[in-house]
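This report goes from the whole chain down to single residues. Look over the fold before reading on.

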Amino acid sequence: MSILDSDSFRAIADLAYRESGLTLVAEKTSMIQSRLRHRLRALNLADFDSYSKLIQSEAGRDERKKLISALTTNVSHFFREKHHFDILVNQILATKWAALRQGGRLRIWSAGCSNGQEAFSIAMSLLEKVPEVAHLDVKILATDIDPIVVQFAENSIYPERLVGGVPKALLQDYFVKHETIHETSYEAKPILRDMIRFKELNLLGHWPMKRKFDAVFCRNVVIYFDQATQDDLWPRFHDSLLPNGYLFLGHSERMPSPTDIGFLAAGPTSYRRRN
Ligand SMILES: C[S@@+](CC[C@H](N)C(=O)[O-])C[C@H]1O[C@@H](n2cnc3c(N)ncnc32)[C@H](O)[C@@H]1O
């Protein structure tokens, strides 16, 4: 069985950092080794040295994407950190409601959406608060660097083990249950799917969106980035928000000096663009 030697580790870590911002530390060598072993098998490569040479070569372009997919941590669940969804409906939707009914728009971005649970939780929260949302100009953009999770989210079919966070009544209202002898799964209904557009997007690259957002959920993503990468992102999030728009981070993520960037603290790991 091939061992991830320190030179190959360095080459892989440097590439992951450059391509995606992921910071891989040497203490995680054995985890990285086990995440990448199936890539060596799939490519029929004998060792990590050959693998690191491949990903650094011109011919390794496709493999570099697969490497990033293998290295990202995609754990997510429905209604994770519920307090952000409360701010979404009680403050953002409530403030926007009058304008929305007169043809205005509400735009939310789930940045680092993983398998889509965050975006579907946003859609369900809005619909539960005001069902008319389905007929208004309310859209959620959900993006991730990892094409595998974006495809999964687009399919919108969740095995039973992944829907634990969805209250029974919501599961009934917003999902179709499929049962076979092998498994039970839940498929999001069009009323949810129609509100969301899933896209592949690297947060370190160009953001092609022209319009600004009322809220950005970027939760449990920057935790994998170093401080310099995080510091580059804060002003970009600021620019991507409308005045008074909200940025939500994960429970262990913090913006060190929000006021310097033009944000106000607005609740647990919640920031509001000042103007
Ligand atoms: C732990 S999941 C968080 C999912 C969801 N936001 C939540 O809080 O449950 C982190 C996601 O960030 C994505 N990610 C990592 N680096 C990224 C980058 N440079 N650009 C976009 N997404 C990235 C990963 O692919 C992964 O799906």
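## Terms and overall fold

Helices and strands here are DSSP runs, numbered from the N terminus; a helix has at least four residues and a strand at least two. The model is predicted. The chain has eleven helices and ten strands.

How does the radius of gyration of the chain compare with that of a compact globule? The chain has 20 Å; a compact globule of 275 residues would have a value near 19 Å, so the two agree. The C-alpha trace spans about 60 × 55 × 30 Å along its principal axes.

## Burial, contacts and charge

Of the 275 residues, 49% count as buried. The accessible surface of the chain comes to about 13700 Å². Carbon and sulfur atoms hold 51% of that surface.

Among contacts in the chain with a separation of 6 or more, 72% come from residues 24 or more positions apart. As for charge, the chain has 36 positive and 33 negative charges. Their mean positions are 5 Å apart.

## Helices H3 and H4

Helix H3 covers residues 48–56. Its buried residues are Phe48, Tyr51, Ser52 and Ile55. Where do they sit around the helix? Seen down the axis of H3, they fall within an arc of 95°, so they line one face of the helix. The general rule behind such spacing is simple: an α-helix has 3.6 residues a turn, so residues three or four places apart point the same way. The cover over the buried residues of H3 includes H1, H2 and H4.

Helix H4 spans residues 61–71. Buried in H4 are Glu63, Arg64, Leu67, Ile68, Ser69, Ala70 and Leu71. These residues pack against H1 (6–20), H2 (29–43), H3 and H7 (147–155).

Phe78 lies in the loop between H4 and H5, and H5 covers residues 83–101. Is Phe78 buried or exposed? Its relative accessible area is 2%, which is under the 20% cut-off, so Phe78 is buried. Beyond its neighbours up to four places away in sequence, Phe78 touches Gln117, Phe120, Ser121, Met124, Tyr158, Leu162, Val163, Gly165, Val166 and Phe175. Leu100 is another matter. Phe78 and Leu100 are 22 residues apart in sequence, and their C-alpha atoms are 26 Å apart in space.

Ser121 sits in helix H6, residues 117–129. Its relative accessibility is 0%, so Ser121 counts as buried. Which residues does Ser121 contact, leaving aside those within four places in sequence? They are Phe78, Phe79 and Phe85. Val166 is 45 residues from Ser121 along the chain, and the C-alpha atoms of the two are separated by 8.4 Å. Phe78 is in contact with both Ser121 and Val166.

## Lys129 and its partners

Lys129 also belongs to helix H6. With a relative accessible area of 46%, Lys129 is partly exposed. Not counting residues up to four places away in sequence, Lys129 touches Val89, Asn90 and Leu93. Val89 is 40 residues away from Lys129 along the chain. The C-alpha atoms of Lys129 and Val89 are separated by 6.7 Å.

## Positive phi in two loops

Asn44 is in the loop between H2 and H3. Its phi is near 60°, a positive value in a residue other than glycine. Asn44 has a relative accessible area of 71%; over 50% counts as exposed, so Asn44 is exposed.

Glu81 is in the loop between H4 and H5. Glu81 has a positive phi of about 55° although it is not a glycine. At 13% relative accessibility, Glu81 counts as buried.

## Thr184 in strand E5

Strand E5 runs over residues 184–188 and holds Thr184. How accessible is Thr184? Its relative accessibility is 16%, so Thr184 counts as buried. Residues up to four places away in sequence aside, Thr184 touches Pro159, Glu160, Lys177, His178 and Glu179.

Key
Residues are numbered from 1 along each chain as its sequence is written. This is a predicted model: local features need pLDDT of at least 70, side-chain atom pairs count only at pLDDT 80 or more; totals for chains, interfaces and linings use all residues. Side-chain values use heavy atoms; hydrogens and water are left out. Buried means under 20% relative accessible area, exposed over 50%, partly exposed in between (1.4 Å probe, protein chains only). Contact means heavy atoms within 4.5 Å. The radius of gyration is taken over C-alpha atoms; the globule rule is 2.2 Å times the number of residues to the power 0.38. Accessible areas come from the Shrake-Rupley method with a 1.4 Å probe; for residues, only the protein chains shown count as cover. Lys and Arg count as positive and Asp and Glu as negative; His and the chain ends are not counted. The place of a charge is taken as NZ of Lys, CZ of Arg, CG of Asp or CD of Glu. The arc is that of the directions from the helix axis to the C-beta atoms.
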